[in-house]
Amino acid sequence: MTQQQLFPVTVVGSWPRPPYLIQALRRRQAGEITFEEFQKVADQAVLEALRLQEEAGVDIVTDGEQRRDNFYSFVVEKLGGMKLMKVSQLMDYMKDRARYEEVLRALDVPAFAIKSPIVVERLTEKNGLALDEMDFLKKNTKRQIKIPLPGPYMLTRAAYFEGLSDKAYATPEELAADVIKILRKEILALKARGVDFIQLDEPTLSQIIYGAESTETFMCAALPNRRDPMEELSLAVKWMNETVAGIDGVRFGVHVCRGNWSRREEVLLKGNYGPMLPHLMEMNIDQLVLEFATPRAGELEVFKEYRNEKEIGFGVVNPRTDAIETPEEIVARVRKLAAFYDPEKIFLNPDCGFGTFAERNVNTAEVATQKMRSIAKAATQLRADFKNTRSESAHSN
Amino acid sequence: MGQEAQPAPEKLNGLHPKKIEEIMISMNQPEVLKEVSGPWKSRIVWQDGFRVKAYMRNHAVEMDEPGALDASDKAASAHEQLLSAVGSCLAVGFVLNATRRGIRIHDMEIALEAHFDNILKWAGQCDTGNPGYRGITAKLFVKADADEATLRELWKLAYEGSPVTQSVVRGTPVTAEFGAL
């Protein structure tokens, strides 16, 4: 794994999409332009997102997920056997539409805004999930590279829809076996290309714990039956560990937030990480990429019991707000964690992406850049402080 | 030097703009206006319990009540379908006005919600009060090739020009006649 300086600064994944890219995405989804034509437009957007991250002082960059409709539905372009379907199209297949309507109301989103990659046939591979993203980044940056991928639990649960998927896979577990195979192949290919950090996104874990009232959620077009949350978490751990088993030489992270689909904080999930920590700690990954810049995230103290077991990708700015957190505020947040957590295990990032869903940027590129700049300045301060502290400690010993 | 105007597409939003324009203009002719003004009709045929079937021209729609009312819940209730009627008419108006302006709609939904003012009156538990909705909220979600200001304008036109919505808003009188056999 790549050696890091203290408090590496990174992004969670997505960056706001410029209007021309959204237009191209709509045209691509309407079949008016080819995949290759869309990629040309996306290349430009990636270069812009990359430049802004580098100027802001980000150490580990992503391509801003500019090529993706959202953080997991993009796989529909990369795998055979999947169809991108809007929830409005899935409504005719849903068993409990009334319940889903409650979810849409609570989230204040239209059914057409939620798209999910639905498995309709046996999955077949094409040219990798994010290898094109990696190859382009490698040519255009000297910074360390992070590639976010949908986690195995997220992808399986989101893509399996009873009435459509069971023609190809009798059960979600059967689909998971293929999903894990595909993710492993992808990870090994990214590793061969020199990726520094692979982040597996599993935001659905929050829905399981905190979204107790709904069986179905925007994040998955269908969670078919209400299952025991602890059973679901165990399954998520099992599938994650099968995905990363035996693969070393690359940093693995799992990202779990409480939703990033709206700027209205009151519709997002809330609760501390306590109930899911025992399970997260069982995942054979290096880092937990978490959100902490919102009161909804609960107390830091839940980590005391698990101190230093894993790295923490510490969410220090809220990607959805207009106010720019100051470096001083960020330094204060980090100090609270560093009071009981090894500073060498703390990475700094926003709570989530700045444009998780392409058509619903949660912020502008300008604000995103300023927030990242603030984090970078805070990191510089913290490195100096902790270096000084270490020097003093070394001298006194 | 100005840009050349784009020719109107033959089909937009599933409609034919040129034909739509011709139809709208034709309504100024007295005989066309008379025909489109009505009468519009619906025949409700009781099936069983709270379930009815509504026949409108060559179409039929069932209506029922929720299971909590000892009903079979085989179809949406009349009061839910009223919300749907308002929403549908708003949607039609939005699409009409967008199409007339050459604006392409990619996706559109309208979410409606309402509460009864005093449903006890319907249940025979109270002699006074309004058993109807105290107000209806209709929220538009739209993805279209126009800026927000334009889309808001289209929404306003849809609201002000919606026959169903305005029937509700203006409190259209309902004359209840009795046909003895």
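In chain B, 9 residues of domain 1 are in contact with 7 residues of domain 2. This is a predicted model. Helix H1 (residues 17-26) of chain B gives the largest share of the domain 1 side, 3 residues. By class, that side of domain 1 has 6 nonpolar, no polar and 3 charged residues.

**Domains of chain B**

**Contact between chains A and B**

- Chain A brings 6 residues to the contact, and chain B brings 5 residues.
- On the side of chain A that touches chain B, 3 residues are nonpolar, 1 is polar and 2 are charged.

**The sheet of chain B**

- Chain B holds an open sheet of 3 strands in the order S1-S2-S3, with antiparallel pairing.
- Strand S1 (43-48) and strand S3 (59-63) of chain B each have a single partner strand, so they stand at the edges and one side of each is left without a neighbour in the sheet.
- On average, neighbouring strands of this sheet are turned by 25 degrees against each other, direction ignored.
- Strand S1 of chain B runs antiparallel to strand S2 (residues 51-56) of chain B, and 5 bridges join the two.
- B:Trp46 has B:Val52 in S2(B) as its bridge partner.
- Strands of a sheet pair through backbone hydrogen bonds, either parallel or antiparallel.

**Backbone geometry in the loops**

- A cis peptide bond links B:Gly38 to B:Pro39, with omega near 5 degrees.
- B:Pro39 sits in the loop between helix H2 (30-37) and S1 of chain B.
- A:Glu65 is a residue other than glycine with a positive phi, near 55 degrees.
- The loop that holds A:Glu65 lies between strand S1 (60-61) and helix H3 (75-78) of chain A.
- A:Glu65 counts as buried because it has 29 C-beta neighbours inside 10 Å, and the cut-off for buried is 20 or more.
- B:Asp73, also a residue other than glycine, has a positive phi near 50 degrees.
- B:Asp73 belongs to the loop between S3 and helix H3 (78-100) of chain B.
- With 16 other C-beta atoms within 10 Å, B:Asp73 is partly exposed.

Note on methods
Residues are numbered from 1 along each chain as its sequence is written. Chains are lettered from A and ligands numbered from 1 in the order in which they are written. This is a predicted model: local features need pLDDT of at least 70, side-chain atom pairs count only at pLDDT 80 or more; totals for chains, interfaces and linings use all residues. Two residues are in contact if their C-beta atoms, placed from the backbone, lie within 7 Å. Ala, Val, Leu, Ile, Met, Phe, Trp, Tyr, Cys and Pro count as nonpolar, Asp, Glu, Lys and Arg as charged, and the others, Gly among them, as polar. Two strands pair if DSSP finds at least two bridges between them. Helices (H or I, at least four residues) and strands (E, at least two) are DSSP runs, numbered from the N terminus. Axes are lines fitted to C-alpha atoms, for helices over the stretch in contact, and angles run from 0 to 180 degrees between N-to-C directions. A residue is buried if 20 or more other C-beta atoms lie within 10 Å of its own, exposed if 12 or fewer, and partly exposed in between; C-beta atoms are placed from the backbone.
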